[in-house]
Amino acid sequence: MRFDKKSLTSLIVIFAVLLALVGVKVFNGDANENKPASLKAPDNDGQLVVHYLDVGQGDSAFIELPDGQCMLIDASVSSYGDKIVETIEGYGYTEIDYLVATHPHADHIGGMTDVVEGFEIGEVYMSKATSTSKTFEGLLTAISDKGLQIHTAKTGVTIYSDDETEIEILAPVSESYEETNNYSAVVKITYGSNSFLFTGDAEELSENEMLDECYDKLRADVLKVGHHGSSSSTSDAFLQAVSPKYAVISCGADNSYGHPHKETISRLNDMGIDYYRTDMNGTVTISCNGNDVFDIECENELDN
C-alpha cells in the first residue's frame with residue numbers, strides 16, 4: 001500500500017488519538033476486563049515458557065503463559081515475519097492474546113504486520129512513539145484492518161493478573177523523549193516466585209527513571225539485555241537492581257554495530273551472571289514452574 005504525505009499524517013494523528021483515548025482506560029485498570037481465551041491452549045504442565053527467538057539483529061520473544069494464553073513481545077525485521085508466524089504455529093497456537101510492540105524501530109516491529117495478519121489478536125500494546133517509516137505505516141494499517149484497539153504502554157499499566165501470574169509495564173516513565181529507544185515498553189512477567197524482565201532498547205536514561213520510580217519492582221531472575229547488548233543500556237546501577245540469575249542477548253551474528261559490546265559483557269561477567277546469545281546459542285528457551293526451578297534449552301548448545 002502506498003501512502004502520500006497527507007495520508008501518512010492522518011495515520012499518525014489517528015494513532016495518537018487512539019493512544020490518548022484507550023490509554024486512559026488502561027491506566028485506570030480496565031484492561032483486565034473481557035480477557036480473550038486462546039483458541040487452542042497447549043498443555044504447559046503449569047510452566048511459564050519464554051522463547052527468545054533467534055531473529056538476527058532484532059528482538060522477538062514469545063511467551064507461553066501457565067494458563068494456556070500467550071504473548072509476543074516484538075517481531076524483529078520484516079524478513080523474519082514469516083519465520084516468527086511459523087514458529088508460533090509450531091508451538092501450537094492459533095491466537096496471540098497479548099501483543100507488545102516495544103517501540104517503532106524496524107528491528108522490533110518489522111515482522112509484526114505478518115503476525116497481525118496471520119493470527120487472531122487479543123490486545124495490542126504500544127508506546128506513544130511514532131515513526132514515518134513504511135514499516136510503521138504497514139503495522140498501523142494491519143491493526144486498523146483487524147479492528148483492533150491500541151492500548152498505551154507506559155509505567156503503571158497491568159496487562160494481566162491472576163492469583164499466580166502478573167504482567168506489568170514498568171516503562172516508559174516520561175511522556176516524551178528525544179531518543180526513540182527510551183520509549184521502549186519494559187515488561188515484567190512474574191509467575192509465583194519467578195520473574196522475567198524484557199527491556200526492548202531502553203537506554204540508561206530510561207533505566208535511571210525506573211530506578212527512581214519503581215526500584216522495588218526491578219528485581220528479576222531473567223533479564224532480556226537492553227538494546228542487543230549495547231553499552232548504552234544495562235548500566236551498572238540498573239544491572240545491580242535487577243540482579244538476574246540469567247541474561248539473554250538478542251543480536252545477529254557479525255552485526256555491523258558490534259553488539260554485544262564488550263562493556264556489557266564485562267558487567268555481566270563481573271556480576272557472575274550466566275548469559276546466552278541468540279547469535280551463538282540460537283533460540284533460547286527458559287521454562288520455570290514458579291518455584292525457582294528453571295530449565296534452559298538452547299537451539300545450539302555452547303559453553304557460554
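How many residues lie between β9 and β10 in their hairpin, and which residue in the turn has a positive phi?

Analyst: Two residues lie between β9 and β10, and G192 in the turn has the positive phi, about 60 degrees. This is a predicted model, so local features need pLDDT of at least 70 and side-chain atom pairs need pLDDT 80 or more, while totals for chains, interfaces and linings use all residues. Residues are numbered from 1 along each chain as its sequence is written, and side-chain values use heavy atoms, with hydrogens and water left out.

Start with the strands. Strands (E, at least two residues) and helices (H or I, at least four) are DSSP runs, numbered from the N terminus. Strand β9 covers residues 186-191, and strand β10 covers residues 194-198. The two are antiparallel and share five bridges. Two strands count as paired if DSSP finds at least two bridges between them.

On its other flank, β9 meets β8. Six bridges join these two, again antiparallel. T165 faces Y191 of β9 there.

How covered is β9, buried or exposed? Six of its six residues are buried. Buried means under 20% relative accessible area, exposed means over 50%, and partly exposed lies in between (1.4 Å probe, protein chains only). One side of β9 holds V186, K188 and T190, and the other holds V187, I189 and Y191. Both faces are covered.

Now step back to the whole sheet. Strands of a sheet pair through backbone hydrogen bonds, either parallel or antiparallel. Here seven strands form an open sheet, in the order β7-β8-β9-β10-β11-β12-β13, with mixed pairing. The edges are β7 and β13 (274-277); each has a single partner strand, so one side of each lacks a neighbour in the sheet. On average, neighbouring strands are turned by 15 degrees against each other, direction ignored. The axes behind that angle are lines fitted to C-alpha atoms (for helices, over the stretch in contact), and angles run from 0 to 180 degrees between N-to-C directions.

T158 stands opposite E168 of β8.

Most residues other than glycine have a negative phi, and most peptide bonds are trans. The bond from A171 to P172 is cis, with omega near 10 degrees. P172 sits in the loop between β8 and β9. A further cis bond runs from H259 to P260, with omega near -5 degrees. P260 belongs to the loop between β12 (246-249) and α8 (262-270). H227 is not a glycine, yet its phi is positive, about 50 degrees. H227 lies in the loop between β11 (222-224) and α7 (236-242). H227 is buried, at 14% relative accessible area.

Rings of Phe, Tyr and Trp (its six-membered ring) pair if their centres lie within 6.5 Å; planes under 30 degrees apart are stacked, over 60 edge-to-face, and the rest tilted. By this rule there are seven aromatic pairs. F62 and Y91 are stacked, at 5.7 Å centre to centre and 10 degrees between the planes. F62 is in strand β2 (residues 61-64), and Y91 is in the loop between α2 (81-90) and β4 (95-101), 29 residues apart. F62 is buried at 0% relative accessible area, whereas Y91 is partly exposed at 25%. Next come Y98 and Y160: their ring centres are 6.0 Å apart and their planes at 45 degrees, so this pair is tilted. Y98 lies in β4 and Y160 in β7 (residues 158-161), so the pair ties together parts 62 residues apart in sequence. Both Y98 and Y160 are buried.

In α2, G81, I84, V85 and I88 are buried. They span an arc of only 100 degrees around the axis, which puts them on the same side of α2. The arc is taken from the directions from the helix axis to the C-beta atoms. The face turned away carries the exposed D82, E86 and G90. The buried residues pack against β2, β3, β4 and α4 (112-118), where contact means heavy atoms within 4.5 Å.
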